[in-house]
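Subject: Structure handover

Hello,

Here is the structure I promised to pass on. Please open it and keep it beside this email as you read.

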Amino acid sequence: MARKDFTPRITAFVCNWCTYAGADLAGTTRLKYPASVRVIRVPCSGRIDPLFILKAFEKGADAVLVSGCHPGDCHYISGNYYARRRWAVFAKYLEFLGLSPDRLFFTWVSASEARKWADVVEEITGRVKKAGPLRDFAEMSPVRLIEGGTRNE
Amino acid sequence: MSEALRQKAAALIGSSAVRVVVGYREGRRPDLPVPHFAHSVGEASQFILTRHCRGGLAFFARREAAKAPAAFVSTAEDVRALRILVQEKQVPAENVRVIAFEHRGGGVTILPGERLEEFAGLRAPVPDESTSDTLARLRAMTPAQRWRFWRREFDKCVRCYACRQACPMCYCEECIAEKNLPQWIEVSPRARGNFAWNLIRAWHLAGRCVECGACERACPQGIRLMPLNRMLADEIASAFGYSPGAGSVEEAAFFATFKDSDSEDFILKK
């Protein structure tokens with residue numbers, strides 16, 4: 001696929017109370033940003049298990065974005081603090097396993113930060129575009145998609 | 001040393017301080033001692049303690065010490081494992097006694113101390129040469145090279161889960177690898193499932209691995225597991241100043257707590 005035609009598929013795990021509302025606001029205020037991101041709403045950023053991130057990559061995401069409430073703003077008081085500690089280590093871990101840092105992004109976006117959400121999506125879309133499609137997981141797939149979308153060995 | 005151990009064990013059982021002492025007895029080969037559970041003073045006479053006792057008995061803590069007091073013949077790594085099990089509320093501290101020993105000059109020495117509280121400040125052992133060499137080599141590589149390295153390593157995996165079974169800290173009654181609704185980790189021993197399994201195994205030990213090396217020794221395929229464990233431990237030590245099993249037994253486990261001042265370097269600047 002030619003680089004310029006490449007639209008990245010970015011899976012975004014966002015918390016219900018801040019980032020999802022922020023992304024929603026971006027929509028209702030008609031902000032323009034790349035349609036590269038698929039949003040998955042979870043109750044809290046503390047709910048995001050690293051397995052979600054792994055699964056997204058396995059299923060063909062070119063990058064994953066994880067976003068929640070700013071520290072101090074968590075609807076459940078402290079969920080994002082637990083999450084922050086987990087991600088700090090997990091980000092380094094994936095880098096050590098050999099995943100490029102341009103594939104996994106973390107950010108805080110509050111319910112009022114529609115502009116920030118649009119900017120974040122814009123920026124990471126640009127970075128992922130430059131990096132190209134993520135082949136690392138596709139190459140290790142034991143099943144291949146055949147025409148018609150059925151899975152076969 | 002075996003005699004000193006037998007006396008200690010007999011005293012613990014004789015005084016009813018514990019219900020069982022978990023230690024080693026002779027196996028079919030002299031270099032492979034097997035676990036031994038002494039419930040009576042008589043049974044305590046079968047204990048041995050030799051340079052071949054390599055630890056791992058903390059594995060039995062949840063079974064033996066959850067409801068009644070038990071004593072464990074323990075390496076320093078076992079002691080740390082027991083301390084973490086207490087921090088994770090798997091066994092109550094008052095149920096655990098240890099008979100700690102260390103390998104010294106080709107022999108074995110019993111260490112003073114019996115309660116977990118007395119063993120604060122124990123640190124992970126210095127990694128062996130092959131682990132630290134591999135780590136240094138990996139850190140010098142580009143991400144793409146590291147990815148290839150781990151792909152090659154994990155390709156060897158036959159998914160026997162010996163690494164998990166040997167681990168004193170892998171105690172989930174139903175492992176994520178066996179859950180199939182939804183299925184998080186593909187079960188066939190091929191690249192994708194192997195990658196997911198090996199990634200998650202080490203990840204689930206982040207902040208709790210005692211670096212006893214049991215996983216790597218148990219692996220029939222010789223997969224380099226310790227560099228992964230070590231990398232996570234290094235990261236947690238350098239970024240958070242945390243050393244698993246060293247703090248108070250009342251302290252929360254690493255990922256079960258947080259600090260306002262935790263690092264945020266990885267958050268996208270905008």
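Below are some notes on chain A, then on chain B.

First, the ground rules. This is a predicted model, so local features need pLDDT of at least 70 and side-chain atom pairs count only at pLDDT 80 or more, while totals for chains, interfaces and linings use all residues. Residues are numbered from 1 along each chain as its sequence is written, and chains are lettered from A and ligands numbered from 1 in the order in which they are written.

**Chain A**

Chain A has 4 helices and 6 strands. Both are DSSP runs numbered from the N terminus: helices are H or I with at least four residues, strands are E with at least two. Along the sequence the pattern reads β-α-β-α-β-α-β-α-β-β.

Of the 153 residues in chain A, 48% are buried. A residue is buried if 20 or more other C-beta atoms lie within 10 Å of its own, with C-beta atoms placed from the backbone.

Now the contacts. Two residues are in contact if their C-beta atoms, placed from the backbone, lie within 7 Å. Take those in chain A between residues at least 6 apart in sequence: 80% of them join residues at least 24 apart.

**Strand β3 of chain A**

How many residues of strand β3 (residues 63–68) of chain A are buried? The count is 6 of 6. In a regular strand, side chains alternate between the two faces of the sheet. On one side of β3(A), A:A63, A:L65 and A:S67 are buried.

Which strands pair with β3(A)? Pairing needs at least two DSSP bridges between two strands. Strand β1 (residues 10–15) of chain A pairs with β3(A) in the parallel sense over 5 bridges. There, A:I10 has A:A63 as its bridge partner. Strand β4 (residues 104–108) of chain A also runs parallel to β3(A), joined by 5 bridges. A:V66 stands opposite A:F106 in β4(A).

β3(A), helix α3 (residues 79–97) of chain A and β4(A) form a right-handed β-α-β unit. Right-handed means that, with the strands pointing away from the viewer, the path from the first strand over the helix to the second runs clockwise.

**Chain B**

Chain B splits into domain 1 (2–119) and domain 2 (129–256). These bounds come from an automatic or database domain assignment. The C-alpha centres of the two domains of chain B lie 26 Å apart. Their contact takes 18 residues from domain 1 and 15 residues from domain 2. On the domain 1 side, helix α3 (residues 76–87) of chain B gives the largest share, 8 residues.

Best wishes

Conventions
Buried ≥ 20, exposed ≤ 12 C-beta atoms within 10 Å, placed from the backbone.
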